[in-house]
Amino acid sequence: MGSGGFSWKLADHPKLPKGKVVALVVLDGWGEANPDQYNCIHTADTPAMDSLKNGAPDTWRLVRAHGKAVGLPTEDDMGNSEVGHNALGAGRIYAQGAKLVDFALASGKIYDGDGFNYIKESFETGTLHLIGLLSDGGVHSRLDQLQLLLKGASERGAKRIRVHVLTDGRDVLDGSSVGFVETLENDLANLRAKGVDAQIASGGGRMYVTMDRYENDWGVVKRGWDAQVLGEAPHKFRSALEAVKKLREAPNMSDQYLPPFVIVDEHGKAVGPIVDGDAVVTINFRADRMVMLAKALEYEDFDLFDRVRFPKIRYAGMLQYDGELKLPSRYLVSPPEIERTSGEYLVHNGVCTFACSETVKFGHVTFFWNGNRSGCFNPEMEEYVEIPSDSGITFNVQPKMKALEIAEKARDAILSRKFHQVRVNLPNSDMVGHTGDIKATVVACKAADEAVKMILDAIEQVGGIYVVTADHGNAEDMVKRNKKGEPLLDKSGNIQILTSHTLQPVPLAIGGPGLAPGVRFRKDVPDGGLANVAATVMNLHGFEAPSDYETTLIEVVD
């Protein structure tokens, strides 16, 4: 028995046998989209994955891998590998992103964490700088979270605070920046009345200052750096309200493209450059437009633009923005605490497990799968194998990555008959997709397909079962599109490459000689997502899932 009378013992499935070898294959960044020349999965030669599609609708279907299906706040939030593997392994949907920050602020837990205690060490002699999107749009950040953080930090000893605002006009109405700045200025005036030296130090529009993504244009980050860190910008004002109103008067100017500005004192000196001994927090909860700034703030070794000065600061993100890069290394809000994951249940019920990937996704198939928990549950029943990823090159140079080596390890584990579950992540379509190299991504998809084939062949030999799925989309759409879905062109008439994840659903396929007759996908869970996969896999191992898990996607018909 676990604590409080809770039992790890799973009920036997009434119709499905125990003891079959189940191979669980996660193709990273492999979504389903319309076939065209920018869909590298469609273009690539992928006979193994194509053959699985022939099983639709009984043994092949799509599942949701973005937005609310993986605990993100809105349906405009693309999935990512961390939340995707959390959902796949946990079998339940946990709050991620904004919801997590709300809880940490409301409970005060944010102030007890390592991240806050780290930046707090600068409060006595240094300045606390808060950088982020000033908006209530709820996509990247929220004004009320900034307000709570200002209040909480000042109550806990921050004596000098500088806010570096990025105006929105993209997730909210253009022109709303004026009202947001007024609200913030009012809050800061109240703090000053209480003896805290708090003011806005710099600003600029989100699309022109700081918030670039996917290394599209480092100049955007540099413009922000110059204003925030160096206290230098082409426009200088005594107040942020004056700055925003004045800059908006220029023809065709909008909130998202406001040029960078700094606030200066009566002597024309910037009121809040970032210097040695200061603390910095990036307040956005959404990762994609904070990663580049995080690199500039954190990496000693950095050459993507001339930083001029690299102050010795204490830096923390609102959250960790990149689980693969572990960036930033300090953050105010930790990932969700996930208990009773499928992996832990299965080990408690005698299912020996083998998990393998290469370095860039090894943590996903182990740490994130197991609910953000390091190490094995029971080393006598589990083996985790990490194959070193290529280093010192971009992945499009070697797009096959370590797919073959991962597949060979999986094949050997299956044929050894020592394991009941063999779980792998094949990173190719995601990691090469992120480079934006379409040719290389096609090669990557083919390599992943060949790896799938090797694993399916091994399952065939031992009479096992396979489950093939993905964690989110990427390689299935490599071009930016307008509202009608047509490819966007740049000024020179070339297509604009999309290097990000997507909002597309991902495939889920089951099969193999060990799949009991009559097993097929149910028709009554059309909106099934990644979190439904755990109960499905538990059934295939011969167990009923715990009652609070998202429902299984399979049924057994006589």
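**Close-up 1. Helix H8 and its buried residues.** Trp218, Val220, Val221, Gly224, Trp225, Asp226, Ala227 and Gln228 of H8 are buried, where buried means under 20% relative accessible area, exposed over 50% and partly exposed in between, with a 1.4 Å probe and protein chains only. This is a predicted model, so local features need pLDDT of at least 70 and side-chain atom pairs count only at pLDDT 80 or more, while totals for chains, interfaces and linings use all residues. Residues are numbered from 1 along each chain as its sequence is written, and side-chain values use heavy atoms, with hydrogens and water left out. H8 runs over residues 218-228, and eight of its 11 residues are buried, so the rest of the structure largely encloses the helix. (Helices, H or I with at least four residues, and strands, E with at least two, are DSSP runs numbered from the N terminus.) The buried residues of H8 pack against strands E3 (128-134), E4 (160-167), E5 (197-205) and E7 (261-263), plus helix H10 (291-298); contact here means heavy atoms within 4.5 Å. At the N-terminal end, Asp217 does the capping: one of its side-chain oxygens sits 2.8 Å from the backbone nitrogen of Gly219. (A polar contact is a pair of N or O atoms within 3.5 Å; within protein, one must be able to donate a hydrogen and the other to accept it, and residues adjacent in sequence count only if both atoms are side-chain atoms.)

**Close-up 2. The Phe237 and Phe261 ring pair.** Searching the whole structure turns up 13 aromatic pairs. In this one, the ring centres of Phe237 and Phe261 are 6.3 Å apart and the planes make 85°, so it's edge-to-face. (Rings of Phe, Tyr and Trp, the last by its six-membered ring, pair if their centres lie within 6.5 Å; planes under 30 degrees apart count as stacked, over 60 as edge-to-face and the rest as tilted.) Phe237 belongs to strand E6 (residues 235-237) and Phe261 to strand E7, so the pair ties together parts 24 residues apart in sequence. Phe237 is buried at 9% relative accessible area, and Phe261 is buried at 0%.

Close-up 3. Tyr345 is buried at 3% relative accessible area, as is Tyr549 at 6%. Together with Phe6 and Trp8, the two tyrosines form one aromatic cluster.

**Close-up 4. The largest cavity.** There are three cavities of 30 Å³ or more in the whole structure, and the largest has a volume of about 50 Å³. (On a 1 Å grid over the protein atoms alone, a cavity is a set of points where a 1.4 Å probe fits but cannot get out; lining residues have an atom within 4 Å of a point.) Its lining includes Leu24, Trp369 and Arg423. Helix H11 (342-348), strand E12 (421-426) and helix H16 (532-540) each give two or more residues to this lining.

**Close-up 5. His13 in its surroundings.** His13 sits in the segment before strand E1 (22-27) and is buried, with 15% relative accessible area. A polar atom of the His13 side chain lies 3.2 Å from the backbone nitrogen of Leu16. Neighbours within four places in sequence aside, His13 is in contact with Asn539, Gly542, Phe543, Glu544 and Val556.

Technical notes:
On a 1 Å grid over the protein atoms alone, a cavity is a set of points where a 1.4 Å probe fits but cannot get out, and a pocket is an open set with protein on both sides within 12 Å along at least five of seven lines; lining residues have an atom within 4 Å of a point. Grid points are joined across faces, edges and corners, and a volume is the space filled by probe spheres set on the points.
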